[in-house]
Structure formats: C-alpha cells, structure tokens
Amino acid sequence: MPAESDGVPTHRGDAARPLRNLWRLRHYLRPHAVAFCWLLVAALAATGASLAVPLVVQRVVDGPVARHDPGGLVRLGGLALLLGLAEALLIFIRRWAQTSSSVGMEATIRADIYAHLQRLPAGFHDRWQTGQLLSRVTSDLSVIRRFLSFGLLFLVLNLVTYVAVVVLLVRLHPTLGLLVAASAVPLFLISRRFGRYYHAASRRMQDQQGDVATLVEETAQGLRTMKAYGRGPELAARFADGARALHDTGVAKSRLLARTSALFDLVPNLTLGVVLVAGAVAAARGALTIGELVAFVSLQLMLIWPVQSLGWIIANGQEAATAADRIQEVLDTEPAIVDAPHAVGLARAGVRGRLAFEGVSFRYPGTPAPVLRGIDLTVEPGETLALVGATGVGKSTLLSLVPRLHDVSAGRITLDGHDVRDLQLASLRRLVGVAFEEPTLFSMSVWENLTLGRPDADADEVRAALALAQADFAYELPWGLATRVGEQGLTLSGGQRQRLALARAVLGRPAVLVLDDPLSALDVHTEALVEAALRRVLRDTTALLVVHRPSTVALADRVALLERGRITAVGTHSRLLATVPAYRAVLSADPPSTDPPPAEARPAGRLPAGPDGRGLVRS
Ligand SMILES: Nc1ncnc2c1ncn2[C@@H]1O[C@H](COP(=O)(O)OP(=O)(O)OP(=O)(O)O)[C@@H](O)[C@H]1O
C-alpha cells in the first residue's frame with residue numbers, strides 16, 4: 001500500500017519499481033512499432049555509415065596516399081562523401097520517424113490518464129492535489145516522451161556504437177582494443193552510483209514541481225479571496241519557499257550531473273591519451289601502419305560522444321522511470337465506483353422515481369467518524385423532499401450518494417427498488433439530474449455546458465430547460481448559446497451560473513432531481529421566478545433538495561431535518577416549524593433549543609402519522 005503524504009501516495013523502499021513501471025508502458029510502443037523499426041534501422045545504418053568513414057580513411061592513408069595514386073584517392077574520397085550523404089539522409093529519416101511516433105505515444109498515454117481520472121471517484125480527487133495531477137499529465141509525460149524518443153534511442157545506439165568500435169579496435173590492434181574495452185568497467189561503476197543518487201533527486205524534484213503547481217492553481221482560484229484579505233505576502237512567501245525547494249533540488253541535480261559528466265569525460269580522454277602514446281610506439285615498431293593508427297584514433301574519437309552523453313542518458317532514464325512511477329500511481333488506482341458485473345440499465349420511460357435510503361451510513365475514507373448514520377428516508381414518485389440541517393451536518397454528502405459520487409458505507413439507496421449499485425452508472429446518471437451548490441461551468445460554450453449529461457438533447461429541449469431555470473439570458477449573450485463561458489470565457493454572475501447549472505440538471509426531465517441549495521445565489525425577484533418555474537417541473541419529478549431558506553422550503557412537499565448525521569424529524573414544513581424547535585432554529589434566527597425533542601422528532605415507527613398520511617413518519 002502506498003504511504004501518503006499531502007494527499008499524494010508515495011512509494012518508498014523498492015528501488016527497481018520505477019524501472020518496472022517504465023517497462024510497463026511498453027505496450028504504448030506497439031501501435032508505433034513500424035515507425036520505431038524504421039527509426040532504429042535508420043539510426044543503426046547511420047551509425048554504420050559513420051563507423052565506415054575511419055576505415056575508408058585508413059585505406060586512403062595506407063593506399064593512394066602512400067602510393068601517390070590520385071585516381072584511387074578520388075575513388076575512396078567519393079566513397080567517403082557518399083557515406084557522409086547516406087548518413088545525413090538516414091539521420092533525417094530517423095528524426096522524422098522519431099517525432100511522429102513519440103508525440104503520438106505521449107498523446108495516447110495522456111488520453112488514457114485523463115479517461116482514468118474521469119473514472120476515479122470523487123473521493124480520489126478529494127485526496128489528490130490538483131497540481132500533483134497536473135504535473136503528472138504534463139511535465140512527467142514530456143519527460144517520458146523525451147526518453148522514448150532520445151534517451152532510449154541513444155542508449156541503444158551508443159551501446160551498439162561502443163561494441164562495434166571495440167570490435168573494430170580489437171581487430172586493428174588486440175591489446176590496445178582490449179585496453180579501450182576495459183575502460184567500460186569504471187564507466188559502469190560511475191553510472192551505477194550516479195543512477196542511484198539521481199533517482200532520489202528526480203523523484204524529489206518531480207514531487208516538488210507538483211507542489212508548486214498546486215500552489216499556483218490554488219492562488220489562481222482564490223485570487224479574489226486572497227486579495228480581499230490582504231494575504232498576498234503570506235501566499236507569496238509560501239510560493240517562494242516551494243520555488244526555493246524546487247530550485248535547490250534542481251541545482252543539486254545539475255551539480256550531480258556535472259560532477260558525473262566530468263568523470264565520463266575523463267575516462268575516454270585518458271584512454272585516448274594512453275592509446276595515442278602506445279599506438280605511436282606500436283607504429284614506430286611496425287606493429288601498426290600509419291593508416292591503422294589514424295583509423296584507430298578516429299574510431300576511438302567516435303567513442304567520446306557516446307560516453308560523454310552517458311550521464312545525460314542515465315539522468316533522462318531515471319527521470320523517465322520516476323515519471324512513469326508517478327503516472328502509474330494514478331493509473332494503478334482502481335476506480336472504486338464502477339458498473340457491477342450484473343448492472344442493468346433502466347429506460348427513463350419505465351422509471352417512476354421512488355427513491356429510498358435504507359439504513360444508510362457513510363464515512364469519508366481516512367476519517368474516524370461517519371458523517372451519516374442509519375438514514376432511513378423515502379421520497380415517493382413525484383414528491384419533493386427538502387433536506388434541512390445546520391451547516392456541515394452532511395446534507396451535500398447525502399445528496400452525493402444518490403448519483404454514486406460516493407458509495408454508501410452501510411445500508412443501501414434504491415431507485416424504484418433497484419439498489420443504485422446494481423444500475424449501470426451511465427443509466428443512473430441519466431436518470432438523476434444534479435446541480436451542486438457551487439455551479440461549475442467548463443471552458444466551453446453554453447450549449448456544451450448545458451448538454452454535458454445529454455449530448456443528444458435538441459434545441460427545443462434546451463430552450464425548455466433554460467426557460468424553466470429562468471436562464472433565457474443565455475440567448476442574449478454575445479454569441480448566444482455558442483458563447484464560451486467558464487474559466488477562459490465570458491464571466492457570468494453567481495446567479496447566472498446557478499441558473500445555467502439548474503437548466504443543465506433539469507434538461508431531459510430526469511426521473512430524480514438532486515439539487516443542492518439551487519436558489520442560493522439568486523436575487524429575490526429571480527428567485528421567485530425560478531421558484532415558480534421549478535414548482536412546475538417538480539410536479540412530475542421526484543426531487544431531493546438541500547435548502548437553507550424558508551422561502552425555498554415552500555417548494556417541498558415534506559421536509560427532513562438532518563442533525564449530527566441522523567434524520568431526526570420528517571414532516572411538512574408548517575408542522576415541523578410549529579413542533580420542532582431544532583428545525584425552527586435551523587431555518588430562523590431562533591437559538592437552538594435544549595428541550596427534549598418533540599414526539600414528531602423521535603425515531604420513526606413510534607410516531608403518529610401526519611395529516612397527509614405520510615408526514616412525521618420516518619420513511
Ligand atoms: N471529501 C471529504 N472528506 C472528508 N470529510 C468531508 C469531505 N467532504 C465533506 N466532509 C465533511 O463531512 C461533513 C459534512 O459535509 P457536507 O458538505 O455534507 O455538509 P453540509 O451539511 O452540506 O454543509 P453546508 O450546509 O455547509 O453545505 C463536514 O464535517 C465536512 O467537513
């Protein structure tokens with residue numbers, strides 16, 4: 001199980017896991033296998049062409065140059081030129097294949113993470129910082145793309161080059177060739193040590209990037225509150241701390257890379273010095289021709305870049321492995337709220353809309369006490385039930401259980417007798433229209449925002465929903481329903497946003513409406529208009545509303561009072577107002593009563609039936 005820090009799971013103690021997680025991404029290479037084959041073949045052929053050049057030079061020196069043969073010089077010079085041209089062409093092919101495949105792969109992984117994030121329940125998003133998710137979907141993926149398109153390729157190419165050059169060197173002069181081969185031992189030891197330290201630094205830096213992204217996101221979202229309270233300097237100081245930590249880790253990482261790169265530079269250059277001296281001695285003794293010595297040195301020079309780049313490749317590989325690790329932490333989180341194997345879909349026409357909570361309890365993951373306990377409540381088809389309670393008592397939580405944003409911890413919720421967990425999620429969410437207290441509009445057109453849950457809705461249905469929510473102002477926007485709203489679009493007032501959210505909820509006449517204080521941000525005049533319209537739609541829809549104001553309670557047939565996670569009274573508004581002091585206190589400025597609860601507020605079963613035959617009885 002992952003440990004958790006700041007809401008983000010972190011795994012510790014398994015050093016090989018990041019590499020395994022990088023390896024697990026290999027299936028994303030499959031659709032690009034042909035392009036990758038092309039790029040590997042082109043890259044290997046280009047390496048072959050460049051390795052052939054020193055061998056041609058050897059023949060030039062030992063042949064035409066030694067024999068003063070201009071014809072041979074032109075032929076071999078032409079061959080070297082052709083090899084150079086072929087190498088350039090092959091490098092072009094490699095780069096072309098590299099770009100299309102790696103960018104395509106990055107896009108596929110990003111789409112998969114996004115789709116997975118959508119499947120994860122609200123509880124996951126409650127625990128994870130947005131910045132951490134953002135940095136995983138953006139910068140971590142870019143690191144992986146860079147590794148797959150450059151790091152991995154050059155790792156393969158450099159290894160092939162190293163082995164090929166060593167084989168050629170051993171053929172030219174076995175002793176010197178083996179000396180060059182032996183230089184791989186210190187290189188291996190340096191790489192291993194570097195990889196270990198760099199891994200820890202990269203993970204720290206990627207996590208810190210996520211923290212900084214979270215700070216930026218929070219500041220952008222809460223800019224007005226922050227300014228209004230004059231908290232700018234404190235937030236700036238918090239940001240500066242985060243940015244400084246990120247900077248320090250970045251500097252430490254770069255220094256580590258610089259120190260290791262210096263060692264990687266040193267090894268081939270030392271070997272080259274030894275080879276030059278020993279080669280010159282061998283040439284003087286006639287054990288090596290001048291051409292062979294030139295070829296030997298030229299070939300060995302070709303090893304300098306692969307060795308020098310080793311530090312960068314290992315760094316890139318470590319970063320990609322930790323990035324893959326962070327991405328898999330998201331992808332490995334199983335969506336807890338999914339369709340059961342036997343889940344059924346219900347057609348809207350066949351649903352009457354009887355909503356029942358049966359012994360429902362709910363506890364947020366990671367919290368000690370349940371928010372809701374033993375809730376028994378029934379909303380009959382077409383009935384409107386208002387949920388009233390002090391702030392923080394669990395009203396929104398209760399509502400969120402109906403469309404399964406969270407699953408009950410005990411008991412069950414049924415729709416027409418079907419446990420909502422036995423319904424297909426898509427079907428359930430089509431049947432349940434929801435509007436939250438904070439009306440969220442996405443950066444898209446008004447039309448797209450409205451039809452979010454009903455992409456098949458036609459213009460007449462949208463018009464009816466807008467009329468119902470008193471949101472006809474949408475037609476007056478600069479581009480009508482095509483006007484872009486949300487974060488990057490036109491800024492709407494709180495009341496306008498709320499009315500659009502209401503229109504979205506009622507679009508398509510869902511079987512059950514779940515509205516969290518739907519009229520809270522409206523002025524008195526608009527509230528009266530929306531209320532009148534809502535009254536019409538509530539007539540033939542089952543509705544569960546959270547309300548805070550007496551005026552909105554009037555919309556409901558019955559009211560349920562939620563106290564300390566329990567339903568303590570159910571009845572008509574007027575009756576509860578007259579008989580339940582706690583209810584009066586919640587809806588008015590009355591201080592809460594310390595009197596024992598009235599008979600009506602005692603648990604169901606022991607209560608007399610209300611005048612409507614169902615009031616006062618806990619359903
Ligand atoms: N994601 C969460 N994780 C843990 N606890 C939560 C979470 N969301 C809400 N809570 C807690 O659950 C309790 C009920 O919250 P809820 O939002 O349901 O209350 P509410 O009655 O709707 O309040 P309000 O009237 O202020 O909107 C609160 O104590 C709150 O702190």
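The model is predicted: local features need pLDDT of at least 70, side-chain atom pairs count only at pLDDT 80 or more, and totals for chains, interfaces and linings use all residues. Residues are numbered from 1 along each chain as its sequence is written. Helices (H or I, at least four residues) and strands (E, at least two) are DSSP runs, numbered from the N terminus.

**The ligand shell**

- The ligand is surrounded by 13 residues, and the closest are Y364, T391, K395, S396 and T397; a residue is near a molecule if its C-beta atom, placed from the backbone, lies within 6 Å of it.
- With 3 residues, helix α13 (residues 395-400) gives the most to this shell.
- The shell has 7 polar, 3 nonpolar and 3 charged residues. Ala, Val, Leu, Ile, Met, Phe, Trp, Tyr, Cys and Pro count as nonpolar, Asp, Glu, Lys and Arg as charged, and the others, Gly among them, as polar.

**Helices α9 and α10**

- The axes of helix α9 (residues 232-284) and helix α10 (residues 290-301) cross at roughly 170 degrees and come within 10 Å. Axes are lines fitted to C-alpha atoms, for helices over the stretch in contact, and angles run from 0 to 180 degrees between N-to-C directions.
- The two helices, α9 and α10, are therefore roughly antiparallel to each other (an angle over 145 degrees).
- L272, V275, L276, G279 and A283 of α9 meet I290, L293, F296, V297 and Q300 of α10; residues are in contact if their C-beta atoms, placed from the backbone, lie within 7 Å.
- By class, this contact of α9 with α10 has 8 nonpolar, 2 polar and no charged residues.

- Strand β9 (residues 512-516) is largely enclosed by the rest of the structure, because 5 of its 5 residues are buried (20 or more other C-beta atoms within 10 Å of a residue's own, with C-beta atoms placed from the backbone).
- In a regular strand the side chains alternate between the two faces of the sheet.
- V512, V514 and D516 point one way from β9, and L513 and L515 point the other way.
- Strand β8 (residues 432-435) pairs with β9 in the parallel sense over 4 bridges; strands pair if DSSP finds at least two bridges between them.
- G433 has L513 in β9 as its bridge partner.
- Strand β10 (residues 542-546) and β9 also pair in the parallel sense, over 5 bridges, and V514 has L544 in β10 as its bridge partner.

**The open sheet**

- Four strands form an open sheet in the order β4-β3-β6-β7, with antiparallel pairing.
- Each of β4 (372-379) and β7 (418-419) stands at an edge with a single partner strand, so one side of each is left without a neighbour in the sheet.
- Strands β3 (residues 355-362) and β6 (residues 410-415) run antiparallel and are joined by 5 bridges, and L355 stands opposite L415 in β6.

Definitions and conventions: Parallel < 35°, antiparallel > 145°, perpendicular 65-115°, else oblique. Contact = placed C-beta atoms within 7 Å. Buried ≥ 20, exposed ≤ 12 C-beta atoms within 10 Å, placed from the backbone.
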